[in-house]
Amino acid sequence: MSVFLLRRFLTLVATLVGASLIIFLILDALPGNAAQMLMGADASPDAVRALAVKLGLDQPLVVRYAHWLGGMVGGDLGNSYAYGTPVAGLIAERLVLTIPLAIMAMTLTTVLALAAGIYTAANHNKLGDVGVMSLTQIGIALPNFWFAILLILLFAVKLQWLSAGGFAGWDDGLWPGIKSLLLPAVSLAVVQAAILARVTRSAVLEVLREDFVRTARAKGLTRREVLWQHVLRNAMIPVLTVMGLQFANLLAGTIVIENVFYLPGLGRLIFQSIANRDLIVVRNCVMLLAAMVIIVNFVVDVLYAVIDPRIKVHEL
């Protein structure tokens, strides 16, 4: 197991370095000048040049990349061009909202998808199966931002049960903060849950046809016992794969959803920083999102070996 984990960890580190290089090169190649944006269109060339030197924008590409990489390792992400404050502080303030939102959305996605997928597989070709699969097809076709607007119209405008936007904060208690994130989390989760439910159904149905399932039933186990004790674990490999991919989609979706609900999270910070051409903030935020996705996929790989030891032995 230690050799398996070491190989996976080295792959994780190499992927993080590769992602950082790609992010840096792409953002550096974008047209425009951050110093010119900050100084304004009427600023003199000398003033713009002086600000560029102060910000380190005149240094060679390799030097700037090495400085950024070393800063990330040491915890120094630099200062925002637009806000004039440390980038690490800006990101930490926004993660207080974005991380709970992502956790809520992923929890809702997992609960809804597993319940729907297992139910439809257990009732294959029955009315419940057809009905739930029809709903998932609609869910897949829904853009999450459009579904978010529908939720606002229903629960905030018509019923007035929840707020249409903004974040109450955690200082007033846990429930007000959760209420503020409930509609955004649902709008993110529904589309992802629809996809995951169909994958879960297919995986469970495939395992139900295996010989060991018939053997377990022949030994006297009930259908429910076979389903939860034997089938579900063996069906989790493709489900975990899709969950890892969905986490990336979920993080990307927060950029849009946080702007729909006017939430001061990481997604809105990225949007504002792009508008201000505050590339140092954009670079670090995108790198953070990429790192979160890569780490989640590393965890999924480890879970593969825990669920099915054959994967670990095969790779060794």
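Modeller: Contact here means heavy atoms within 4.5 Å. Keep in mind that this is a predicted model.

Biologist: Which residues does Ala 189 touch, not counting residues up to four places away in sequence?

Modeller: Start with the helix. Ala 189 is found in H8, residues 174-208. Leaving out residues up to four places away in sequence, Ala 189 touches Ala 105, Leu 108 and Thr 109.

Biologist: Is Ala 189 buried or exposed?

Modeller: The cut-off for buried is under 20% relative accessible area. Ala 189 has 1% relative accessibility, so Ala 189 counts as buried.

Biologist: How many residues apart in sequence are Ala 189 and Pro 60, and how many Å apart in space?

Modeller: Take the sequence first. Ala 189 and Pro 60 are 129 residues apart there. From C-alpha to C-alpha, the two lie 43 Å apart.

Biologist: At what angle do H5 and H10 pack?

Modeller: Two packed helices are described by the angle between their axes and the distance between the axes. H5 covers residues 87-122 and H10 covers residues 223-260. Their axes are 8 Å apart, and the angle is about 145°.

Biologist: How do the residues of the contact of H5 with H10 divide into nonpolar, polar and charged?

Modeller: On the H5 side, the residues include Leu 97, Ala 105 and Ile 118. On the H10 side, they include Arg 223, Trp 228 and Glu 258. The contact divides into 17 nonpolar, five polar and two charged residues.

Biologist: How many salt bridges does the structure hold?

Modeller: One pairs Asp 129 with Arg 201, with the closest N and O atoms 2.9 Å apart. Another joins the side chains of Arg 214 and Asp 211, at 2.2 Å from N to O. The structure holds two.

Biologist: Which helices does the pair of Asp 129 and Arg 201 link?

Modeller: Asp 129 is buried, and Arg 201 is buried too. The pair links distant parts of the chain, 72 residues apart. The helices are H6 (residues 127-141) and H8.

Biologist: Is Asp 211 buried or exposed?

Modeller: Asp 211 and Arg 214 both lie in H9, three residues apart, about one turn of the helix. Exposed requires over 50% relative accessible area. Asp 211 has 52% relative accessibility, so Asp 211 counts as exposed.

Biologist: What covers the buried residues of H11?

Modeller: H11 runs over residues 266-276. Its buried residues include Leu 266, Leu 269 and Ile 270. What covers the buried residues includes H5, H10 and H12.

Biologist: Which residue with a positive phi follows H11?

Modeller: The phi is near 55°. The residue is Arg 277.

Technical notes:
Residues numbered from 1 in each chain as written. Predicted model: local features only at pLDDT ≥ 70, side-chain atom pairs only at ≥ 80, totals over all residues. Heavy atoms only, no water. Helix = DSSP H or I, 4+ residues; strand = E, 2+ residues; numbered from the N terminus. Buried < 20%, exposed > 50% of the residue type's maximum accessible area, 1.4 Å probe, protein only. Axes fitted to C-alpha atoms, helices over the stretch in contact; angles between N-to-C directions. Nonpolar A, V, L, I, M, F, W, Y, C, P; charged D, E, K, R; others polar. Salt bridge = Lys/Arg side-chain N within 4 Å of Asp/Glu carboxyl O.
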